[in-house]
Each structure stands twice: as C-alpha cells, then as structure tokens.
Amino acid sequence: MIDNILRALGDPALMAVVSLTFRVTGSALVIASALGVPIGALVGLTRFPGRRLVTLVLYTGMGLPPVVVGLVVYVLLSRSGPFGPIGWLFTPSAMVAAQTIIAFPLVAALTMSAVDAVDPDLRFQVRALGATRWQTGWTVLREARIGVTAAIVAAFGGIISEVGAVMLVGGNIEGHTRVLTTAIVLSTRQGDFALAMALGIVLLLLALGANAVLLQLQGRSR
Amino acid sequence: MSPARNAEFEVIDVRHRYGARTVLDMPRLDITRGETLGIIGPSGSGKSTLLRLLQGLERPTEGAVHVGGAPMPFPVPLSLSRRVTTVFQRPLMLDRSVRDNVAFGLRLRGRRDAAAVEALLDRLSLRHLINAPARHLSGGEIQRVALARAMALDPEVLLLDEPAANLDPANVARVEALIRDAQARGTTIVLVTHNTHEARRLAHKTLLLMEGAVVEVNATATLFESPSDSRTRAFLAGELVY
C-alpha cells in the first residue's frame, strides 16, 4: 500500500491535477477576495437601510451547499441556459465561477464581522487625526487584518475541499477538469485506494500550507 | 452678534441631544484664537461632547459651531478638520509600533518626520518604547503616546480630554511642558479636566459646565478666586476637599 501511495505521488498525471486544483481554487479565491473584502468592509463600516437583510443574505450564503451552487451554475451554463452561448460548461472557467460563488459570502461575511469587531471609537479617533473617509476605512480594515486573513483562509479551505460543484460543472474530465477532490472520488470508486490516498495526502498538505501562511501572517502583527 | 474677529470657534445656540436626553445646551460660547480654555465640571456634564462638536465628529442637533464666521459644514471638509486634532480621554492605539502610532497623523498627510517623532518621544520619556507594539503599553504610556500623536501634527487647535489623568507627577510635568510649548506657538487649546489645579496652571479662561450648561466662564484667576456663581463656589469647595 505504502509503495503504491509513493508511486502514485510520483505520477506526472498527479501534477496536472494538483496544478489545475491550484489554478481553479486560486482564481476563485482571488476573485472572491477582490469582491468580498471591499464589500464586507463596506457593509461592516456603514449603516444603511437594509443592512440587516444584506447581513442575513451573506450569513446564509456562508452555508450554501456546494452541490446546489453547482446545480445552479450548471443550469445557467447549460446549452439552453442564459449563459449557454459562452460555452463554459465542463471547462475550468465554470469551476472557477462556481467556487467564486461559494467563496464570496465566506469572505464578505467574515470580513464584515472582523471590521465590526474593531472598536467603533477608533474611527472617530482616526478621523480626528485628519483621516479622509477612505483613509479611515483603510485604517479600520488594517486593524481587522487578522480577521480578514482568516476570512480568506476559511474560504480557501471551503473551496479547495469542495467536490459537489466542481464535479457537476467541470465534469471531472481527465487532463481537463479533474481536480484533487474529483480525482479522489473517482479513484475510490475504481478501487484505486493508493491513488486516492496519495491525492488525499496532497490535499491535506495544501490545507496545512494554507494554515501555515495564516499563522505566519498573524504572528507578524503580534 | 457679529463674529468676533479673532474667534477660533463660536458655539451659537447649540443644543445637542442623544435620543430624548439633552446633553449640551449652549446658547453662546466663544473660543478665542491662541487662548487656552479650561473646561471643568462633574462627570457627565457634557465636556467630552463639546469636544466632539468642536472636532466636527458630530453635528449639533440644533444650532451650529461657527468656524471663521461661518457654520461648520457637514461633512467637514479636510481643510477644516485637519486644523484641529483631539486627544481622547480613552485613547485607542493602532495595532502598530509606538513610532508608527505617533507618525500616523503625519502619514495621513503624506508626510514623514522621524526627527519630530523621536523628539516628542524623548520629551515624554517614551523613547525606549519606540519599537514596542503600542497595544501592549500601560494606560499612562498610551496616554502619552496619544498626546505625542496629536502634537506631531502641530495643529492650530488642540482639544485635550483629560490628557494627564492617571499620570504620575513626573509625567504630568512632561505633558504640561508640551502643552505650554504649544501655547507659546499660539495653538488654541481646549483642555477638559476634572483636575481644577491643572486648569488653574494651564488655562487662560476656565468654564464650569454642569448638566450640559455653562455655569460660569471667566478668566481662570477670577473664576477660581472670586467665582460669581454660587454653584461654582460649591463645585470648587467640593473639589478643594481633595
């Protein structure tokens, strides 16, 4: 078994799967963070009518079942769907889209809580030192950086381990849309437990790496 | 009433409420450019609220704070807000080093002045903490860093809310020396303090505030030595017990 796992780890096909996993999850994470951090910060920093509703939607979005997101994205991208003509179904782009939708509420809602947790008096004190609105917002966001980092890492953990959405919209096509999680499902079904284990180990190592980065960032600010 | 030519602030017909509670009721208060106005009064008398209105952090429920003869516009333009800075009663430190906290206001203005930052820390006996994380300082140290952070800007108007509370005598002296330097540079200062001795040492004029209303405002010596209002006499008598 161990020998087989080691052999599987050296398989060049594995590198392709790992590389696609990184590209899909990485792209989704970058897009979700680029949208989710500013939107979460804005919701956390401002008071407006309907804010509670937005909060409710974001919190609910944190619990979206990936397979349901996959289903909706599938329907939207299917040939007869509204976005059918762009031809994304069963491509990595569809997988990025689905994972972005899963990651966005996580990033936005957790960023919002992190910003909310900063002492509200700090904004007044920063303004009294001559900060513009933008400088005030940026300063508060910086104070919340540990929470914001945690938001991004939580979203990473959520989508890199997710299988339902990428399976549905990607189709688990070898050399094209196969990522770590879908490859594990397939290998297990085929009885190739050594390969499935090897893939699982790689997935765990990636998660470990991500958390190491988080701890590193937290350590720097303490 | 014509605006006083050398008025820094004119508080005109201001009534400020939090919900149904009126926290400040001030028909008129002039703060002259270059003077130090001490504000004394019991807790909850509206002293800190007045500072928030002068800084432009809150808009008065009624009336206006006039600056340069015109009511302060909201949102307060940067050109106005940057003339004034406040040292808060409960100063909050940014999650950065002492150096970066003191330089923060300068950085907001795109300026750097390492020498000024270091000089201020020297004078407040904080130089050895320059690289320390500011959140880990003691209360008295935080209070001094907050003063340095405001002083680094050399503002035209300095609003100080209990700047020397909780400091030991040596540090009170250091803080007061910095305040005197600002006075010598012509800075307008509003000094909120529960310590009547501090007001006596530093303020040109002193105001007694009670329950949101001005009881008496007078030249400091006059207010302390021959108060005209019976409540002032009672307040000072109570204070002098300490």
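Predicted model: local features only at pLDDT ≥ 70, side-chain atom pairs only at ≥ 80, totals over all residues.
1. In chain B, the axes of helix α6 (residues 139-151) and helix α7 (residues 169-184) cross at roughly 10 degrees and come within 11 Å. The two helices, α6(B) and α7(B), are therefore roughly parallel to each other. On the α6(B) side the contact involves G140(B), R144(B), L147(B) and M151(B), which meet N171(B), V175(B), L178(B) and A182(B) of α7(B). Five of the residues in this contact are nonpolar, two are polar and one is charged.

2. In chain A, helix α5 (residues 92-116) and helix α8 (residues 145-160) have axes that come within 8 Å and cross at roughly 155 degrees. This angle makes α5(A) roughly antiparallel to α8(A). The crossing of α5(A) and α8(A) is right-handed. Residues of α5(A) in the contact include I102(A), L106(A) and L110(A), while those of α8(A) include V148(A), A151(A) and I159(A). The contact of α5(A) with α8(A) comprises 13 nonpolar and five polar residues, with no charged ones.

3. Chain B also holds an open sheet of four strands in the order β2-β1-β4-β5, with antiparallel pairing. Strands β2 (21-32) and β5 (70-71) of chain B each have a single partner strand, so one side of each is left without a neighbour in the sheet.

4. Strand β4 (residues 62-67) of chain B pairs with β5(B) over two bridges in the antiparallel sense, and H66(B) stands opposite P71(B) in β5(B). Helix α1 (residues 47-55) of chain B lies across β1 (7-18), β2 and β4 of that chain, running at about 120 degrees to β1(B).

How values were computed: Residues numbered from 1 in each chain as written. Chains lettered and ligands numbered in written order. Axes fitted to C-alpha atoms, helices over the stretch in contact; angles between N-to-C directions. Parallel < 35°, antiparallel > 145°, perpendicular 65-115°, else oblique. Contact = placed C-beta atoms within 7 Å. Nonpolar A, V, L, I, M, F, W, Y, C, P; charged D, E, K, R; others polar. Pairing = 2+ DSSP bridges. Left-handed = near helix turned anticlockwise from the far one by under 90°.
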